[in-house]
Amino acid sequence: MAGLEQDLTCSMCFELFTNPKALPCLHTFCQDCLHQYIMNKEDCVRQTGHLTCPICRSCCKPPEPIDPDPGKWAQSFSSNHLITSLLDRYAAQRNHQPETSDNLKDVTEVVCSCTKNPAVRWCEQCSYPLCNVCESEHDKYHVIVDMTSKHVNSTSGAESKLENSCPKHPDKNQNLYCLKCSAFCCDRCASVDHEYCEKVYPLKLAVENKLQLGQVYNSILSLQKDNINYLRELITKKLDKNKSHGDNLKQGIQSIRIRVNKLLLEQEEKLLDQVHTNSLIKINLLKKIQEDCDNSIEMLNTKVEVINSALSVKNSQEREFLKIWDDVSSFMTKNTSQHREIKTKLENIHISDLHFEPGAAVCDILRHTSNLGKLTDSIQSDIFTHEVFSPTRKHSSTRRLSFRYSTNLLMDSELSVHLTGICVTAQDSVVVSDYTNRKLKMITKDNHLTCCELMSGPYGIDYIASLSEVVVTLPDILKIAFVSETMNLKKQLSVAKAYWAVAYDESKMTLVCCSSNPPAIDILYDGVLIKTIGFENERRPLFCEPEYITVSCHQKFIVSDWKKKSLFCCDKSGRVSSAFIGDYGVNQLQCPLGVTLDADGFIYLADKDSNRIYKFTPEMTFDSIYLSDEDEIEQPVSLAFNSVGQLFVIEIPGLLKFYG
């Protein structure tokens with residue numbers, strides 16, 4: 001009797017069923033309880049057109065035709081006649097006699113309410129009898145037992161049920177599991193405590209869900225492990241490369257020292273030879289002068305002896321004395337002149353001293369011996385260097401640019417990028433719109449990357465010089481945002497259309513936007529639509545898919561239409577002054593997108609499918625193919641010049657390329 005009473009109890013009011021109503025998922029509730037449950041969720045059921053079963057959370061629709069008033073849904077569900085008959089039998093058994101084996105036999109002979117066939121199985125989760133046909137169509141994750149074992153277990157297996165009984169409802173088993181709360185619960189707890197939990201499953205299904213989640217976690221961890229192993233291999237290669245590079249640097253420095261030593265030794269030997277030769281010449285010259293002096297001294301000594309002998313002559317020898325003295329006088333006269341010549345000769349001889357003066361390079365080395373050299377780290381792929389941004393000369397339209405660098409704007413936490421627009425600020429910082437990651441990304445001169453996260457994916461972009469702000473369209477949420485140069489969101493304007501392109505007219509302080517539904521150009525002032533242009537005879541639209549726009553110095557709108565494969569130039573009245581339809585043979589436009597102007601008013605157009613940048617005159621006549629795949633252009637989307645005439649191009653793979 002206790003087991004039968006549990007099966008005949010409503011899981012909402014915890015009383016015996018009153019006018020039981022069966023939902024399509026075969027769960028049964030009192031009509032009043034079901035009506036109260038529906039009215040508590042009236043707004044939700046009106047919007048979705050169905051209700052959620054309080055037990056299994058399946059979607060249940062009322063029988064056709066569906067009444068628009070949810071208050072009448074409860075009575076429209078089918079009555080559970082089996083539960084009604086069991087209620088009558090239970091009332092009779094409770095009034096007359098206790099439950100016996102004969103009564104159990106009668107219960108096992110109940111019929112399925114769906115097919116009216118004898119019920120041979122019993123669903124533990126639904127508390128519902130099933131025939132062979134209903135069993136094959138029933139939820140495979142529910143616990144289904146034989147009718148006989150059902151009643152045997154209800155009497156003899158009470159102790160096993162108490163082992164997993166619900167603390168709040170001891171007569172109920174905790175046969176459900178809430179994935180949101182990570183808690184076991186019974187049918188009654190599921191309909192009360194976990195009413196708003198969307199993931200309340202039977203234990204078997206919950207285990208399978210956890211197993212699947214474990215497999216997902218295992219896959220994620222395996223992928224992370226593979227990524228870390230890959231990074232470790234890169235680091236190992238980098239480590240080996242740095243080691244070999246360090247050894248090469250050491251060898252290079254040592255080779256420089258060896259070369260310097262060799263050069264110094266050669267110069268030393270050369271200078272020593274010169275000193276030796278020069279010294280020999282000077283020594284020989286001095287020796288010769290020394291010999292001449294010795295000869296003169298010897299001659300003078302001889303003359304002195306003659307004079308001394310003359311002075312020793314006696315007075316009786318006057319004649320001989322005078323004769324000798326005459327010879328001495330002539331000798332002295334002659335010797336005086338010779339002495340004067342020798343003295344003059346010696347005085348005029350100048351022996352220079354040899355000096356050594358080190359060369360300028362040697363002086364620099366001696367002066368800077370503490371700074372023989374320095375080691376610097378450099379990254380060769382750095383796009384923004386001082387050379388790139390140095391305004392060495394003003395941009396000229398006739399000067400052709402060449403490819404310099406490229407960089408990938410994919411950040412570490414992003415899987416992919418979709419760059420749609422580009423502009424350059426007054427400080428020559430580059431700002432691009434990333435539609436996929438809902439960000440504006442700004443790269444400054446010193447290669448510093450900053451981002452501004454937005455509510456939706458940005459698309460069209462332009463720089464407002466007078467406000468020092470960047471204006472960007474958010475077509476998915478029908479807004480236009482204004483962002484400062486520090487990448488802070490200033491304000492947002494709600495608009496009535498999805499705008500893909502935007503340009504700011506400085507002369508009128510208005511926004512010029514392109515929409516595709518309908519395809520037209522709208523002029524806005526502070527978010528308010530002023531004028532719409534782009535219709536021929538006010539009926540047929542002039543454009544098909546206008547996606548990029550810019551404003552010329554003559555207040556004309558330059559619009560690219562990729563679907564028409566055309567480039568238009570129109571004034572504010574909507575009159576098209578010129579157009580490039582793209583039927584110029586090999587120069588035919590295939591997918592024109594981004595458009596910009598240079599300092600001289602020339603127009604540049606990015607053609608994605610032809611991998612080209614076209615150049616047009618200010619009068620919209622074709623000038624030349626400015627850049628092509630030979631210049632490493634690949635699927636260009638948009639482009640912009642900085643203040644010194646250097647060109648930035650964004651491409652489909654998420655690359656930002658620089659030409660200077």
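Trainee: Is Glu-651 buried or exposed?
Mentor: Happy to start there, and remember that this is a predicted model, where local features need pLDDT of at least 70, side-chain atom pairs count only at pLDDT 80 or more, and totals for chains, interfaces and linings use all residues. Residues are numbered from 1 along each chain as its sequence is written, and side-chain values use heavy atoms, leaving out hydrogens and water. Buried means under 20% relative accessible area, exposed over 50%, and partly exposed in between (1.4 Å probe, protein chains only). With a relative accessible area of 0%, Glu-651 is buried.

Trainee: Which residue forms a salt bridge with Glu-651?
Mentor: A salt bridge is a side-chain nitrogen of Lys or Arg within 4 Å of a carboxyl oxygen of Asp or Glu. Here the closest N and O atoms are 3.3 Å apart. The partner has a relative accessible area of 7% and is buried; the residue is Lys-657.

Trainee: How many residues apart in sequence are the parts that Asp-69 and Arg-46 tie together?
Mentor: Asp-69 and Arg-46 form a salt bridge, with the closest N and O atoms 3.8 Å apart. Asp-69 sits in the loop between β4 (59–60) and α4 (73–76), and Arg-46 in helix α3 (residues 42–48), so the parts tied together are apart by 23 residues. (Helices, H or I of at least four residues, and strands, E of at least two, are DSSP runs numbered from the N terminus.)

Trainee: Which residue is linked with Arg-46 and Asp-69 in a network of salt bridges?
Mentor: Arg-46 is partly exposed at 47% relative accessible area, and Asp-69 is partly exposed at 30%. The network also includes Glu-42.
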